[in-house]
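Have a go at each task before you read its solution.

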Amino acid sequence: QCTDTSTCKSVVQPLGSDSVCIDGICSNPFQQGCLHSLLGPEAFPDQRVCNSDDPDDAASKGLCSAPTFDYKEIRISNQIWDAPKFSSWAMQILLSELLQVPTTIETFSPDLHFNFYDPYGRSDSALKAYAYDALRKSHEKGDCRKVRSKICSHVFPMVARLGQKDELLALYDKEVIALPRGSGNTDQYRWWIPKRLAKEDPSLQSYYALSGDSNRKKLAKLFQRPTTWSDYCNLVSLDKCAADNGIAARAPIGEDEAARYFVDGLYTGHFRATDKNNCTLNPNSCSGHIANVPCGWATYVVPQAYHLNISLESDGKGSDGNYTNNGGYNMTSLVEIWAAANATGSNVIMYWWEPDALIEKYSGTEYEFTPIYLPPTTAECEENRVSAEQRCSENFEDQIGSPLGACQTGPGENVIVTTLKECEDDDDGICSPAYDTLQAYEFTNFNLQQIFQYRLNNPGQDRLAVCMWFAENLEYIKEQFVPSTYPRKRRKEAFYQPYTYFTVALAALSIICVLAFAFSAKKIQKNK
């Protein structure tokens, strides 16, 4: 937000890139390119190449360079969590600025925008983590510019192999995607509690202190249910949130606010015991609450809790107001639930992964994420995990699967998934470097943590954090990811013309000399 351009100069771009205040929003200082803007035109003179999201006059306005070669535009999905978001931007910078391959970002919705060069600096999360129809569409059409009204993507920068192996295998068998390859990044899903609670009762860091009917009442008392803003006002507040009571400043406005678990300055969140926590009313089925992720993710909370006899359940609801099949919450709700626990000093237990910005955010605080240790992962356990179909089944028996699959989750490798094919004919010099580049590309956990640190030092400036990381590692990126015969440039005809005339003349002279030598040799032979 801004009131005038001076605000943008001091806040948005401390390194001197151009940004102006337009309709109360600071324009994106990296419209001409990350490296061109950050390093300056003397150090990096080339602008990024234009793409289909740019206006028709973008090149003439000096925002970007018109494509030199007819490379197919690459569309990358940004997905919904930080690691693939940052990786998609790094891919876009790599292709657009070092290799001059037009590149855009797919968010699975025309109303959401994440292009690194977006003029307004918008950075919306994708509509969902995995929309495999986007890959099928790019496989069918090839050029995603032909299907702008529908989702289409050539690349998913980060897919959890552990949780998505069934989908990936089906897509590969149908030759929709190339063989997935490691992204250089791994996820470790765990059960987590706040450091404050771990210090109060260190035994909670092991599943031994959670298992068995003897611990049922303890868990039901410790881990109460998070409460949405609307439920708090309708079921807990004596005046329906008519007055600010220190928890809710007012009643929620609209469906979006009604479903929130925490809103800074307006709703601190609230945890309460429901009938599910009541062990007097339900002595054999009462439970504490664990905040689980959606069933489409790599979650094994349901079989873990069931087979280890841990009395914890997740109560997430979908947009229709009904409980999801595995009780999983959407990502926004999970982030808010931990924030509500921190704001109210409440106990919470949640299934989450590392490395992630949320864990970095609370590091060093009383609500630092502290892991709970479940039985160690084994090859036998991995082979007996429930499938993606079972995780999302309406049948509880399907969800719990075999007791052999109830160990600690992961760590799981993330893979790059693409529909791009290797270029078979490079005779004309216009083979796109995109395939070879993405085959070499990696985005490691260490890279991600570096970007988190840049962002911590520059709050609210995710583009700057990614760009600073890219510039800092520029030489390494060129050496490791850019094919040896790229980038290519076309020379003007006037540049080649003198050399062409010289070459032709030299060739003609050589032919004349050869013929003359042959004639002379033959004449000498006759004289003998």
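**Exercise 1.** Work out which residues Ala-209 touches, leaving out those up to four places away in sequence.

*Solution.* Start with the contacts: Ala-209 touches Ser-203, Leu-204, Asn-215 and Lys-218, where contact means heavy atoms within 4.5 Å. Helices here are DSSP runs of H or I with at least four residues, strands are E runs of at least two, and both are numbered from the N terminus. Then check the cover: Ala-209 has a relative accessible area of 12%, so it counts as buried (under 20% is buried, over 50% exposed, in between partly exposed; 1.4 Å probe, protein chains only).

A quick note on the source: this is a predicted model, where local features need pLDDT of at least 70, side-chain atom pairs count only at pLDDT 80 or more, and totals for chains, interfaces and linings use all residues. Residues are numbered from 1 along each chain as its sequence is written, and side-chain values use heavy atoms, with hydrogens and water left out.

**Exercise 2.** Find how β3 and β4 are joined.

*Solution.* Strand β3 (residues 74-77) runs parallel to β4, with four bridges between them; strands pair if DSSP finds at least two bridges. Within this pairing, Arg-75 is opposite Thr-104 of β4. Now look at the faces of β4 (residues 103-106): Thr-103 and Ile-105 are buried on one side, Thr-104 and Glu-106 on the other.
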